[in-house]
Amino acid sequence: MSATAQTPAAAGEPPAPPLGANLAWLLSQASHAMSTEMTAAFESLGFPARGYCVLSAALTGEYTQKELATMVGLDKTTMVATIDELEQAGLARRRPSATDRRAHLIEVTKAGAKAVAKGERASERVQKNVLASLPAGQRDALMDALSGLVCGRLSTPTACQQAPRRRS
């Protein structure tokens with residue numbers, strides 16, 4: 001290893017520069033680790049964490065597959081597969097839109113609403129556990145800052161020739 005090569009940070013230690021100062025890298029690492037924890041938490045529930053996100057969003061109104069995909073950040077193919085899984089599990093159903101015959105509205109079943117409640121508890125457990133690793137004064141600040149970015153400056157992806165792929 002050359003003198004300029006970076007060694008990975010040990011658990012609990014901040015990453016060495018330049019990665020420790022790279023917002024995109026830090027957010028990507030945090031997102032991947034959090035997604036992994038959520039996936040593990042949802043394995044015992046019988047439906048994926050992304051299914052929980054779709055069901056939760058669908059409970060807030062009457063939305064088409066396309067609208068829900070945009071709300072939760074899924075591409076068209078992943079959304080179709082997710083709805084297929086949720087339908088097969090009896091958690092959601094598609095019904096034709098009254099205003100657009102090409103579109104389907106996603107309706108959450110009673111079993112789906114119960115699954116969302118279980119998912120909410122699992123999600124809250126993971127979030128609480130992750131945030132507990134920060135000093136108390138930083139928890140709300142982190143959530144407020146991330147919410148501000150996601151709802152503000154980073155609310156719409158920038159158009160580019162080849163968008164980065166999301167981790168699955």
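Leaving aside its neighbours within four places in sequence, S97 is in contact (heavy atoms within 4.5 Å) with A103, H104 and L105. This is a predicted model, in which local features need pLDDT of at least 70 and side-chain atom pairs count only at pLDDT 80 or more, while totals for chains, interfaces and linings use all residues. Residues are numbered from 1 along each chain as its sequence is written, and side-chain values use heavy atoms, with hydrogens and water left out.

**The setting of S97**

- S97 sits in the loop between β1 (92-96) and β2 (104-108), where strands (E, at least two residues) and helices (H or I, at least four) are DSSP runs numbered from the N terminus.
- With a relative accessible area of 11%, S97 is buried, a word that stands for under 20% relative accessible area, whereas exposed stands for over 50% and partly exposed for values in between (1.4 Å probe, protein chains only).
- The side chain of S97 reaches the backbone nitrogen of D100 at 3.2 Å, and a polar contact is a pair of N or O atoms within 3.5 Å, of which, within protein, one must be able to donate a hydrogen and the other to accept it, with residues adjacent in sequence counting only if both atoms are side-chain atoms.

**Salt bridges**

- The structure holds seven salt bridges, each being a side-chain nitrogen of Lys or Arg within 4 Å of a carboxyl oxygen of Asp or Glu.
- One of them joins the side chains of R94 and D84, at 2.9 Å from N to O, and this pair links distant parts of the chain, since R94 lies in strand β1 and D84 in helix α4 (residues 76-88), 10 residues apart.
- Both partners are partly exposed, R94 at 22% relative accessibility and D84 with a relative accessible area of 32%.
- Another salt bridge is formed by E107 and R95, whose closest N and O atoms are 2.7 Å apart; E107 in strand β2 and R95 in strand β1 are 12 residues apart, and the pair links distant parts of the chain.
- E107 counts as partly exposed at 25% relative accessibility, and R95 is partly exposed too, with a relative accessible area of 29%.
- D100, whose backbone nitrogen is reached by the side chain of S97, also forms a salt bridge with R102, the closest N and O atoms being 3.2 Å apart.
- Salt bridges that share partners join E62, R93, R95 and E107 into one network.
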